[in-house]
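Dear colleague,

My notes on what was found in it follow.

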Amino acid sequence: YANGFEEDEKLILDFVRTPSLELGNASAQQKPLWEVMELESLDPNRFTRYEIDKSTGSWTKQELSDQHVDFPSINPAYSTKPYRFAWCATSALDGVTAPLQGLVKVDVTGKEPQQIWLPEAAEFIGEVIFCPDGGDAEDDGYLVGISVDGRKKSSDLLVFDARDIRDGPICRLPLPAFIPHALHGSYVPGLVPSAAEIQAAWE
């Protein structure tokens with residue numbers, strides 16, 4: 001789910017539409033899902049807008065991106081309000097179902113073309129979180145996420161300039177531990193644990 005708001009007597013809902021959710025069945029087979037299923041054969045996820053006319057109950061559907069995506073993130077100041085930008089995890093294959101590796105920035109108004117950043121072949125990034133920087137523009141801020149390098153068994157904290165993601169992260173901080181690939185992230189303004197608190201949490 002990305003956002004929802006009311007506009008001109010319509011309810012606007014933007015979210016990732018998944019034609020079929022294949023999570024496998026651990027009790028039925030021991031092999032990992034990627035060994036028993038061709039991901040490319042699945043219909044891709046699409047960032048989709050539904051417009052619902054509140055007076056008639058009629059609705060329309062519009063795809064906002066042609067990429068296979070998931071985990072949209074927006075500037076939280078625009079939650080439940082009209083907005084322009086969303087950042088989603090995306091695959092390296094154009095419009096085809098594949099593991100989520102990079103990022104796509106989507107202008108839901110269609111005024112700007114989408115931006116895409118992709119990492120090296122063995123790297124995967126999960127959900128990014130938008131962190132405002134105090135600027136006036138909707139995309140004034142940073143995207144923060146964790147990448148996993150499957151070959152090196154290493155993880156990095158990545159920071160992107162949300163205005164333009166095409167050149168990749170503006171900061172890459174190697175993490176001292178390998179953090180397995182995960183789905184969701186979170187950001188809490190002002191929450192900065194001390195080094196002692198972090199150390200105590202690991203003990």
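The chain has two helices and 13 strands; helices (H or I, at least four residues) and strands (E, at least two) are DSSP runs, numbered from the N terminus. This is a predicted model, in which local features need pLDDT of at least 70 and side-chain atom pairs count only at pLDDT 80 or more, while totals for chains, interfaces and linings use all residues. Residues are numbered from 1 along each chain as its sequence is written, and side-chain values use heavy atoms, with hydrogens and water left out.

Overall values

Of the 203 residues in the chain, 37% count as buried (buried is under 20% relative accessible area, exposed over 50%, partly exposed in between, with a 1.4 Å probe and protein chains only). Taking contacts between residues at least 6 apart in sequence, 52% join residues at least 24 apart, where contact means heavy atoms within 4.5 Å.

The open sheet

Four strands make an open sheet with antiparallel pairing, in the order S1-S2-S3-S4; two strands pair if DSSP finds at least two bridges between them. Its edge strands, S1 (3–7) and S4 (59–63), each pair on one side only. On average, neighbouring strands of this sheet are turned by 20° against each other, direction ignored (axes are lines fitted to C-alpha atoms, for helices over the stretch in contact, and angles run from 0 to 180 degrees between N-to-C directions). Strand S3 (residues 46–53) runs antiparallel to S4 and is joined to S4 by five bridges. Ile52 has Trp59 in S4 as its bridge partner.

Phe15 is part of strand S2 (residues 10–17). Its relative accessibility is 25%, so Phe15 counts as partly exposed. Beyond four places in sequence, Phe15 touches Tyr1, Ala2, Arg46, Phe47, Thr48 and Tyr50. Between the C-alpha atoms of Phe15 and Thr48 there are 5.6 Å, although the two are 33 residues apart along the chain.

Strand S7 and its partners

Strand S7 (residues 100–107) is mostly covered, with eight of its eight residues buried. Seven bridges connect S7 to strand S6 (residues 85–91), and the two run antiparallel; here Cys88 stands opposite Val104 in S7. S7 also pairs with strand S8 (residues 115–117), in the antiparallel sense and over three bridges, with Leu103 opposite Trp117 in S8.

Nonpolar cores

How many residues does the largest nonpolar core have? There are 14, and those with the most contacts inside this core are Phe47, Val69, Tyr83, Val106 and Val108. S2, S6 and S7 each supply at least two residues of this core. A nonpolar core is a set of buried Ala, Val, Leu, Ile, Met, Phe, Trp, Tyr and Cys residues joined through side-chain atoms within 4.5 Å. Not counting residues up to four places away in sequence, Val69 has contacts including Val16, Phe47, Cys88, Leu100 and Val104.

Leu158

Leu158 belongs to strand S12 (residues 154–161). With a relative accessible area of 0%, Leu158 is buried. Residues that Leu158 touches, beyond four places in sequence, include Trp117, Ile125, Leu143, Pro169 and Cys171. Its C-alpha atom is separated by 5.8 Å from that of Ile146, twelve residues apart along the chain.

Regards
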